[in-house]
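I am opening my notebook on this structure, and I will write down what I looked up, one entry at a time.

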Amino acid sequence: MTTYLRKKFSQLTTSQSSEPEEVAREIEPKPENNIEEIERSKIGIVRALVQTENPSAKDVDDLMIRRFLRARDLDVEKALAMLLKFLKWRTEFVPSGLISLSEIHNDIAQNKLFMQGHDKSGRPIVVVFAARHKPTSVEEFKRFVTFTLDKISARMPSGHEKFIAIADLDGWGYANSDIRGYLAALTILQDYYPERLGKFFIINVPYIFMTAWKMVYPFIDKNTKKKIIFVENNKRQSTLLQDIDESQLPDSFGGRIELVPIQEC
């Protein structure tokens, strides 16, 4: 944070903490309401600071700011730094505002990522068939990941901000291993789309995959780690049905719904 922003941050937080004593003596609200009030207050602070640094941020909505705050445990300074980094990345990496299919044709041709249905909470379901992935250039794969996350975000049902994912590793082998691609995807998800992932089920895991997993695991932040579930083969159906109704479970996993390629969503 620049010296100017630090000064603005100090002014904003000081003005909010210098309320009259009688306000402080009011009946304390319920914890959940108190958290919401704290979030609303900090959203305002972040908005004021980020617009000072980046005037184009006027289009950033409160829900986005809240996601960045939650990703940094409501730490205003860390959330602000994270949001400013995202806005700079977005301007440089997606200057036109969207990724076109012509920029990711190799990854699209692999027919490996789908989106259809929703879980019991109403969150959209994304399915990845990892054995269909063959490494492309890291830059194209980063564009593909960004394209995918933009699609998911745009299709998010009203009242929801998160999606759940199922990664099917059946048939995965060394030809599919792409550590640089995995790390690039992880960075984009964690740094630029925080608080979007709800749960991540990994099914049909071959033993050889764990070699790649051990290389990626140290780079996964603590919040993301809590959302990853390795599903035992003999408990696959029962585990998925805890979160997803059979009517919304993809037919590939014994459900009733047909998958739709991400580019057609």
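Against which elements do the buried residues of H8 pack? Before answering, I note that the model is predicted, and I keep that in mind for each entry.

**Entry on helix H8.** I found that the buried residues of H8 pack against H4, H5, H7, S4, helix H9 (209-216) and helix H10 (222-225). I then looked up how covered the helix is, and 10 of the 14 residues of H8 are buried, among them Ile179, Gly181, Leu186, Ile188 and Tyr192. I also checked the span of H8, which reaches 19 Å from its first C-alpha to its last, close to the 20 Å expected at 1.5 Å a residue.

**Entry on the nonpolar cores.** I looked next for the largest nonpolar core, which has 47 residues, and I noted Leu69, Leu83, Phe86, Leu149 and Ile152 as those with the most contacts inside it. At least two residues of this core are supplied by each of several elements, including helix H3 (31-53), helix H4 (62-71), strand S1 (113-118) and helix H8 (179-192), while its largest share, 10 residues, comes from H5. I wrote beside this a general remark, that nonpolar side chains in soluble globular proteins tend to be buried together.

**Entry on helix H4.** I listed the buried residues of H4 as Met64, Ile65, Arg67, Phe68, Leu69 and Ala71. At the start of H4, I found a side-chain oxygen of Asp61 that comes to within 3.3 Å of the backbone nitrogen of Leu63. After H4 comes Asp73, and its phi is positive, near 50°.

**Entry on Asp119.** Is Asp119 buried or exposed? I found 2% relative accessibility for Asp119, and because buried means under 20%, this residue counts as buried. Asp119 is placed in the loop between S1 and strand S2 (124-129), and a polar atom of its side chain lies 2.7 Å from the backbone nitrogen of Arg123. Leaving aside neighbours within four places in sequence, I found Asp119 in contact with Ile125, Ile164, Asp243 and Ile244.

**Entry on aromatic rings.** My search of the whole structure gave 13 aromatic pairs. One of them is the edge-to-face pair of Trp89 and Tyr193, with 6.3 Å centre to centre and 80° between the planes. This pair links distant parts of the chain, as Trp89 is in helix H5 and Tyr193 is in the loop between H8 and strand S4 (197-203), 104 residues apart. Both Trp89 and Tyr193 are buried, and they belong to one aromatic cluster together with Phe68, Phe86, Phe93 and Tyr192.

Why do I call the pair of Phe141 and Phe144 stacked? Their ring centres are 6.2 Å apart and their planes are at 25°, so the pair is stacked. Both residues lie in helix H7, 3 residues apart, about one turn of the helix, and both Phe141 and Phe144 are buried.

**Entry on charges over rings.** I noted that the charged end of Lys112 sits over the ring of Phe144, at 5.1 Å from its centre, and that Lys225 lies over the face of Tyr217, at 4.2 Å from the ring centre.

Methods:
Residues numbered from 1 in each chain as written. Predicted model: local features only at pLDDT ≥ 70, side-chain atom pairs only at ≥ 80, totals over all residues. Heavy atoms only, no water. Core = buried A, V, L, I, M, F, W, Y, C linked by side-chain atoms within 4.5 Å. Buried < 20%, exposed > 50% of the residue type's maximum accessible area, 1.4 Å probe, protein only. Helix = DSSP H or I, 4+ residues; strand = E, 2+ residues; numbered from the N terminus. Polar contact = N/O pair within 3.5 Å; in protein donor to acceptor, adjacent residues only side chain to side chain. Contact = heavy atoms within 4.5 Å. Phe/Tyr/Trp six-rings, centres within 6.5 Å; stacked < 30°, edge-to-face > 60°. Lys NZ or Arg CZ within 6 Å of the ring centre and 35° of its normal. Expected span 1.5 Å × (residues − 1).
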